[in-house]
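Thanks for coming, everyone. Please take a look at the chain on the screen, and then we will walk through it together.

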Amino acid sequence: MMAAAAVAGLVSAAQAASPTTVYTNGQVYTPGGWQTAFAVRDGRIVAVGSDAEVRKAAPGAAQVDLASRTVLPGLYDMHVHPVLQAKGGEGSCRISPDLAPQPFLAAVADCANEQPQGGWVTGGQWQSSVLTGTPITAATLDAATPGRPALLFDISGHSLWVNSRAMAIAGITRDTPNPEGGIIERDAAGNPTGILRETARDLVLRHVPPQSQELTQAALRKNLDLLLSYGITGYVEAMAFRDDLEVYDALYDKGQLKQHVQACIAYSHAGHVNPDLEATIAAIPTYTRDRFKPTCVKVFADGVPTESHTGAMLAPYEAGQPNAPAKGLLLFDPATFQPRMAEWDRKGLNVLFHAAGDAAVRASLDAIAYVRKVNGPNGPMHQVGHETFVDPADMSRGKALNAALEFSPYLWDPQPINDDITMAVGAKRIERVWPIKEGFASGALVVAGSDWAVIPAPDPWLGIETAVTRQNVGGSAKSFGPNEAITVEQAIRMFTINAVTRMGLDKELGSIEAGKRADFIVVDKNPFKIPPTQIHSIKVQQTYIDGAVVFDRSGTAGK
């Protein structure tokens with residue numbers, strides 16, 4: 001078998017020598033079945049078939065021997081946060097949520113000692129079920145971060161653990177009311193404990209100094225390269241503010257943004273409607289580029305169905321949570337939100353909902369139904385994201401409303417967040433957690449999102465494997481909703497043609513067919529020919545966009 005470096009060398013030489021390149025001796029995944037060859041000219045696929053057929057269709061073309069490697073369309077992550085991570089939004093102290101209480105707090109203390117004196121200590125991730133027996137309070141965090149303001153995100157990113165110094169800076173006292181859409185957790189005496197849920201996080205976060213755009217640009221460039229290394233040739237930036245659009249445009253104009261990106265402008269900020277929302281929407285043409293389009297609005301319908309009890313549920317949570325409503329939090333008022341969404345729909349903007357609980361999914365679908373009623377059925381496709389829980393009565397509505405159903409198969413491995421979810425909602429509801437199989441059976445368009453940097457890595461092969469096995473990576477006795485397992489073919493569809501259909505790019509991308517743009521990946525193993533529990537081990541050798549190498553594992557091409 002030809003080494004990766006040798007393949008990369010042939011790719012470079014071939015592309016330099018001829019306007020047409022024929023790739024042969026591969027395992028090429030196409031809508032019509034497996035083929036062995038395809039040809040690319042001027043960034044587009046011009047022929048697909050057997051080696052002999054493609055050579056005949058492109059006489060005199062340069063030749064690249066794929067050495068039996070597998071070729072798939074480029075992959076898409078339909079809910080990811082590379083700019084949030086680049087801005088330092090997850091903090092500088094990255095600590096494993098699997099650590100027991102004492103090692104976790106020791107790691108926090110070590111990281112605090114490494115930060116500049118006097119500055120904020122920021123990071124995560126903590127996990128309630130792992131810290132059992134240790135008070136998750138400001139006083140506990142004070143001991144690890146003496147004299148310094150500190151904040152730690154939980155594993156979902158929806159809850160913040162802060163110390164006494166941070167609360168003092170934010171002016172949080174027993175008299176501070178809960179902000180709209182947020183919860184300040186309090187003890188039996190009514191004093192704030194140091195846990196802030198949902199929009200209450202912003203009471204502290206607004207005091208953390210932002211980093212420069214130059215640093216954000218540099219970090220985002222690294223994140224783009226990371227995504228390319230996983231074969232991700234396009235994605236949905238799941239929450240962006242106006243300064244984030246400026247960062248993306250700066251990278252694009254420097255030739256450093258290769259992927260096809262749709263950015264979703266944040267609807268809310270600090271518990272209220274983003275004050276810059278309308279101005280940012282009006283400026284969309286200014287920020288639009290060939291492969292970057294900020295033509296989406298991000299809306300939080302609820303929080304998360306963990307011990308925080310902020311995911312909006314149709315039935316009450318099982319475990320006690322004195323600070324949260326029995327059925328969680330719905331974060332928008334349908335009466336005022338639905339007409340506003342209809343305005344976006346008329347402007348051709350997609351809406352991406354964060355909707356984890358089944359009540360939030362229903363409210364999101366209700367909003368789409370309202371839009372279809374007042375604007376007609378042919379508007380942009382809206383996306384209901386995460387869908388940890390979906391009531392069976394709502395499964396058929398996605399197809400009827402032309403809505404995309406987005407699931408997050410990454411979130412059940414290796415995340416201990418599932419222990420929190422199970423304790424919060426009970427084992428019975430876990431039987432249908434992330435009902436991907438039902439989504440496909442309903443005929444709706446089903447797509448996948450990682451939600452990185454909430455998860456450790458935006459590796460789509462983890463998501464593909466666990467969607468098929470419903471187990472931990474590599475296989476495990478523990479499973480999450482095994483009846484909702486899907487096939488490898490369905491999993492690949494989630495990450496390819498279904499994703500680009502949601503983005504409106506299906507006539508150009510998402511499959512290896514003559515006439516489409518040449519976005520494809522070369523991988524070292526065929527996911528259809530190995531045990532599903534090994535799919536996570538797949539490594540991308542080369543990533544191509546418009547026929548050009550944008551990632552090469554050997555490091556010899558695409559420079």
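Let me start with a question: which residue forms a disulfide with cysteine 93? The partner is cysteine 111, and the two sulfur atoms sit 2.0 Å apart. One thing to keep in mind throughout: this is a predicted model.

Let's stay with that bond. The torsion about the S-S bond of cysteine 93 and cysteine 111 is about -90°, so this disulfide is left-handed. What does the bond tie together? Cysteine 93 belongs to strand 9, residues 93-94, while cysteine 111 belongs to helix 4, residues 101-114, so the link joins parts that are 18 residues apart in sequence. Are the two cysteines buried or exposed? Both cysteine 93 and cysteine 111 are buried.

How many disulfides does the structure hold? Two. Cysteine 264 and cysteine 296 are both buried. Count the bonded cysteines along the chain, and the pattern reads 1-2, 3-4.

Strand 15 covers residues 232-240 and runs parallel to strand 16, with five bridges joining the two.

Next, helix 18, residues 460-469. How many of its residues are buried? Ten of its ten, and the helix is mostly covered. The buried set includes Trp461, Leu462, Ile464 and Val468, but also Glu465 and Thr466. Look at both ends of this helix. At the start, a side-chain oxygen of aspartate 459 comes to within 2.9 Å of the backbone nitrogen of tryptophan 461. After the helix comes arginine 470, with a positive phi, near 55°.

Where is it found? In the loop between strand 19 and helix 12, the latter being residues 334-346. Setting aside neighbours within four places in sequence, asparagine 323 is in contact with Ile183, Ile184, Glu185 and Arg186. With arginine 186 there is a specific approach: the asparagine 323 side chain reaches the backbone nitrogen of arginine 186 at 3.0 Å. As for threonine 310, 13 residues away along the chain, its C-alpha atom is 10.0 Å from that of asparagine 323.

Strand 1, residues 20-24, runs parallel to strand 6, and four bridges join them. Threonine 21 stands opposite alanine 62 in strand 6. Strand 6, residues 62-65, has two faces. Ala62 and Val64 make up the covered face. Gln63 and Asp65 make up the uncovered one.

Last, the whole chain. It has 20 helices and 26 strands. The radius of gyration is 24 Å, close to the 24 Å that the globule rule gives for 559 residues, so the chain is as compact as a globular protein of that length. Along its principal axes, the C-alpha trace spans about 80 × 55 × 50 Å. Buried residues make up 60% of the 559. And take the contacts with a separation of 6 or more: 72% of them are between residues 24 or more positions apart.

That is the tour. Over to you.

Methods:
Residues are numbered from 1 along each chain as its sequence is written. This is a predicted model: local features need pLDDT of at least 70, side-chain atom pairs count only at pLDDT 80 or more; totals for chains, interfaces and linings use all residues. Side-chain values use heavy atoms; hydrogens and water are left out. A disulfide is a pair of cysteine sulfur atoms within 2.5 Å. Buried means under 20% relative accessible area, exposed over 50%, partly exposed in between (1.4 Å probe, protein chains only). Two strands pair if DSSP finds at least two bridges between them. A polar contact is a pair of N or O atoms within 3.5 Å; within protein, one must be able to donate a hydrogen and the other to accept it, and residues adjacent in sequence count only if both atoms are side-chain atoms. The radius of gyration is taken over C-alpha atoms; the globule rule is 2.2 Å times the number of residues to the power 0.38. Contact means heavy atoms within 4.5 Å.
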